[in-house]
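Hi,

Here is the structure I promised to pass on.

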Amino acid sequence: MTSPATTSAETPAPAGPAPRTAATVRTKAAPAPGRWLSRAAVNGVLLLSVAYTLLPLVWLVTAATKDTGGLLSGDVFSFEGFDLGHNLSELASYNDGVYLRWYLNSLLYAGGGAVVCALISTAAGYAFDKYRFRGKEKLFGVVLVGVLVPSTALALPMYLLASRTGLVNTYWSVLVPVLVNPFGVYLSRVFSASYIPDEALEAARIDGAGELRAFWSIGLRMVMPGFVTVFLFQFTAIWNNFFLPLVMLSDQKLFPLSLGLYAWNSNTHAEPSFYPLVVTGSLLAVLPLVVAFVALQRHWKAGLTAGGVK
């Protein structure tokens, strides 16, 4: 008869998982070489993209601090010979401050035109989404065809129309063509379908609100991210617009910044003193776009992600 101690010693220990050592933990936690390489490649592409995007802006900031000799010497990426204050003074005083006039013109064209265009596009998109009328889809198809037509192809017909109506070489010759944006109408219809429930409009009508009141008090406020998105797109397009003012305007006092800086840049070969004016003026011309995107960033991001959330 065996003793309990002998039986316990002869019984094999139950099988179980091997103890996890520190080396095993490190091996399992380390990412695979292929995954590490792919992550490094993605980060490298992103860094190159950021450098490609920011390099012209860095050049513009440093070049705006140079005088004519510093710009022509080629050593632009440094702050030696800092002369930004003198450049700004020359920019503001040259030709009786014509640059400031161009700046105000651009704010008028881009700011006023973008606000009115966003309002028209939002109203049109709202109508295409919420109302039923004969030929709606065919008319919307015409709007989509307008998206495919480049603006440069319409410049000459618009000039002929403006010439017939006496609008050439006036503020209206640049403002009127930018008040309608087919892509803004399409985008506004998408936003209206995503943001404005039909039940809210029905409740407003039951309470006695008219169609204009329902749109202004309910529809426009609900679709405000879409309004801001259309405004930013149109503001950027008008601010950078060059060909339409070139065709429509001949009076230098009506020029926007894009056309005015182009005129100055055309004189740099004969008069190198225009180089600091052009570079400093270009730096100041970027500021409204940066301010607009930063100030309206929250609405703009919400607008871009609306379709993915629905």
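Predicted model: local features only at pLDDT ≥ 70, side-chain atom pairs only at ≥ 80, totals over all residues.

Let me start with helix H15 (residues 257-266), whose buried residues are Leu257, Ser258, Leu259, Gly260, Leu261 and Trp264. Buried here means under 20% relative accessible area, with exposed over 50% and partly exposed in between (1.4 Å probe, protein chains only). Helices are DSSP runs of H or I with at least four residues, strands are E runs of at least two, and both are numbered from the N terminus. The cover over the buried residues of H15 includes helices H5 (84-93), H6 (98-130), H13 (224-239), H14 (243-248) and H16 (274-295).

Residues are numbered from 1 along each chain as its sequence is written, and side-chain values use heavy atoms, leaving out hydrogens and water.

Now for the chain as a whole. The protein chain has 18 helices and zero strands, and 32% of its 310 residues count as buried. Take the contacts (heavy atoms within 4.5 Å) between residues at least 6 apart in sequence: 75% of them join residues at least 24 apart.

H6 and helix H10 (residues 182-195) pack at about 55°, with their axes 7 Å apart. Axes are lines fitted to C-alpha atoms, for helices over the stretch in contact, and angles run from 0 to 180 degrees between N-to-C directions. That angle makes H6 oblique to H10; under 35 degrees counts as roughly parallel, over 145 as roughly antiparallel, 65 to 115 as roughly perpendicular, and the rest as oblique. H6 contributes Ser121, Thr122, Ala124, Gly125, Tyr126, Phe128, Asp129 and Lys130 to the contact, and H10 contributes Gly184, Val185, Ser188, Arg189, Ser192 and Ala193. These divide into five nonpolar, six polar and three charged residues (Ala, Val, Leu, Ile, Met, Phe, Trp, Tyr, Cys and Pro count as nonpolar, Asp, Glu, Lys and Arg as charged, and the others, Gly among them, as polar).

Helix H7 (residues 136-148) packs on H10 at about 130°, with the axes 7 Å apart, which makes H7 oblique to H10. On the H7 side the contact uses Lys136, Glu137, Phe140, Val143, Leu144, Gly146 and Val147, and on the H10 side Pro182, Phe183, Val185, Tyr186 and Arg189. This contact has eight nonpolar residues, one polar and three charged.

Cheers
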